[in-house]
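Visitor: I have a few questions about this model. Could you walk me through it, briefly?

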Amino acid sequence: MTFDESYIELLKKIEKFGHLEKNERTGIECKSLFTQVLEAEDAKGYFGFPISNTRKIHYKGAIIETLWLLGLHRNDERYKDLPLTNTQYLEDHGVRYWRPWQDINGNLGPVYGEQLVNWYDHNTGTHINQIQNIIDTLRTNPSDRRLVASMWNPAEIPNMALPPCHHSLWFYSYVGEDGKRHLDTTWHQRSADMPIGIPYNILMYTIINKIVALCTGHTPGIVRGVLGNAHYYLNQQEGVDEIISREEEVKKCKEPLIRFSDRIMNKALHGEMLNLEDFSIDGSDFMITDYEPLGAIKMPVAV
């Protein structure tokens, strides 16, 4: 099943069976279902990219935000002295999603990347890069069952501009029919805005899956999302109906692909394991081809 097929099926399920509730934070009514699974089948390894064709998705923003999540922007002198989750890097690359939550200096507190790659251990006074630890383990003991990273830190939530919606991820390494090791990734998301957030989130975790695979000698595999509160707001109903109405038309669209820069792929094809620092922070290592989505759909965001 392609991402769009899985995505539209879940939207139809929420529309038909969703529970009506009023969200206290936004004050807007929504329809929601609890604990839903969204999957993007990826039989194309390095090249598959589950970007929705239902309308244009800002995939460049997803690439940039993923590099920010992994803390790779700190390799640039312009950002290394700023707090890890300062939004200046995002702003410089046209990603303005976080503006409603940042303070006057562009800071968000210890959200996402601060926990993922810089978790503070109060017992030892040291910081932990969870992604690097997972990469190191996949290189030496790929069958390990503790390939888990969490961004949900209860002690730090009061200091966060917004508690993480997607809050944990884990990896599964296995030997495929081709005799090579493949890498699947699953992420957990407590609050899932289906029309706006989810098409963006699955791109982020697909990019993480491919980066970690390239750093550990794996072939990228399937990416799944386990969605706690999967919902859409009633002021998005018209847009949701439009997405669902495009179900058959979407099947005629080209299947988008992701291409890596020659510098990255040459290393991978020669059996070299990359390091996180090998990826350029401007997103130029990732190129999307054959992306010809359907027309725009207006969709309000609940802040």
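Visitor: Which residues does Met-194 touch, not counting residues up to four places away in sequence?
Guide: This is a predicted model. Contact here means heavy atoms within 4.5 Å. Leaving out residues up to four places away, Met-194 touches Tyr-7, Leu-10, Leu-11, Ile-14, Pro-199, Leu-227, Ala-230 and His-231.

Visitor: How many residues does the largest nonpolar core have?
Guide: Met-194 is among the residues with the most contacts inside this core, and so are Leu-227 and Leu-169. Leu-116, Ile-211, Phe-279 and Phe-286 are also in that group. The core has 84 residues.

Visitor: Is Tyr-205 buried or exposed?
Guide: Tyr-205 lies in helix α6, residues 197–216. Its relative accessibility is 0%. Buried means under 20%. Therefore Tyr-205 counts as buried.

Visitor: Which residues is Tyr-205 in contact with, leaving aside neighbours within four places in sequence?
Guide: Sequence neighbours within four places are set aside. What remains for Tyr-205 is Met-151, His-166, Leu-169, Trp-187 and Val-223.

Visitor: Which element supplies the largest share of the lining of the largest pocket?
Guide: β7 (181–193), α6 and β8 (219–233) each supply at least two lining residues. The largest share is five residues. That share comes from β7.

Visitor: What volume of space lies in the largest pocket?
Guide: The pocket is lined by 38 residues. Nearest its centre lie Tyr-97, Asp-193, Ile-196, Gly-197 and Val-301. The lining divides into 20 nonpolar, 10 polar and eight charged residues. The space in this pocket is about 940 Å³.

Visitor: What is the phi of Thr-35?
Guide: Most residues other than glycine have a negative phi. Thr-35 lies in strand β2, residues 29–40, and is partly exposed at 45% relative accessibility. Thr-35 is not a glycine, yet its phi is positive, at about 55°.

Visitor: Is Tyr-112 buried or exposed?
Guide: Tyr-112 sits in the loop between α3 (88–92) and α4 (113–116). Tyr-112 too is a non-glycine residue with a positive phi, about 35°. Its relative accessible area is 4%, so Tyr-112 is buried.

Definitions and conventions
Residues are numbered from 1 along each chain as its sequence is written. This is a predicted model: local features need pLDDT of at least 70, side-chain atom pairs count only at pLDDT 80 or more; totals for chains, interfaces and linings use all residues. Side-chain values use heavy atoms; hydrogens and water are left out. Helices (H or I, at least four residues) and strands (E, at least two) are DSSP runs, numbered from the N terminus. Buried means under 20% relative accessible area, exposed over 50%, partly exposed in between (1.4 Å probe, protein chains only). On a 1 Å grid over the protein atoms alone, a cavity is a set of points where a 1.4 Å probe fits but cannot get out, and a pocket is an open set with protein on both sides within 12 Å along at least five of seven lines; lining residues have an atom within 4 Å of a point. Grid points are joined across faces, edges and corners, and a volume is the space filled by probe spheres set on the points. Ala, Val, Leu, Ile, Met, Phe, Trp, Tyr, Cys and Pro count as nonpolar, Asp, Glu, Lys and Arg as charged, and the others, Gly among them, as polar. A nonpolar core is a set of buried Ala, Val, Leu, Ile, Met, Phe, Trp, Tyr and Cys residues joined through side-chain atoms within 4.5 Å.
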